[in-house]
Amino acid sequence: QKPEASKVMWDGKKRRCCPETVRLKLNEDGGSSGPSRMEGTMVFKKVPTRGTVTFSFGSSGYTGLKLKLGPSAGAWGALALPFASAIYRRRSAVFVEDSDRESEESDDSQPPEQKAK
């Protein structure tokens, strides 16, 4: 799976955003016999930085993960999500490092103009 196809969704999954940048620290292809691993950070921009959003890794096959970003909705900005992914013998897992999550907030209480994808 390509991390660039990942999504953050909100407003009942009606609004969504793919990462603007993906920085990989590790990208190992284990081939057919070994584990494949990927580790890095995805940066989503013009997304809520408070309230709850749903994160989904890659283009398909993973269940959405609800992330509580802050005490209340209303702030918009950038969200950096550190992640790790591992695939071994057709079993896969993705981890989002909650304690290292960073966000940059703007003072706007209204969402920025953005088309739903």
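This is a predicted model: local features need pLDDT of at least 70, side-chain atom pairs count only at pLDDT 80 or more; totals for chains, interfaces and linings use all residues.
Residues are numbered from 1 along each chain as its sequence is written. Local features need pLDDT of at least 70, side-chain atom pairs count only at pLDDT 80 or more, and totals for chains, interfaces and linings use all residues, while side-chain values use heavy atoms, without hydrogens and water.

The structure holds four aromatic pairs. Rings of Phe, Tyr and Trp (its six-membered ring) pair if their centres lie within 6.5 Å; planes under 30 degrees apart count as stacked, over 60 as edge-to-face and the rest as tilted. Two of the pairs are tabulated here.

| Pair | Centre to centre | Angle between planes | Class |
|---|---|---|---|
| Trp-10 and Trp-76 | 5.9 Å | 65 degrees | edge-to-face |
| Phe-57 and Phe-83 | 5.7 Å | 40 degrees | tilted |

Trp-10 in strand β1 and Trp-76 in strand β7 (residues 76-88) are 66 residues apart. Strands are DSSP runs (E, at least two residues), numbered from the N terminus. Trp-10 is buried at 7% relative accessibility, and Trp-76 is buried at 10%; buried means under 20% relative accessible area, exposed over 50%, partly exposed in between (1.4 Å probe, protein chains only).

Phe-57 lies in the loop between β5 (52-56) and β6 (65-68) and Phe-83 in strand β7, so their pair joins parts 26 residues apart in sequence. Phe-57 is buried at 3% and Phe-83 at 0%. Ring pairs link these two residues and Tyr-62 into a cluster.

Most residues other than glycine have a negative phi. Asp-11 has a positive phi near 55 degrees, and Lys-13 one near 65 degrees. Asp-11 is partly exposed at 48% relative accessibility, and Lys-13 is partly exposed at 45%.

Terms used:
Helices (H or I, at least four residues) and strands (E, at least two) are DSSP runs, numbered from the N terminus.
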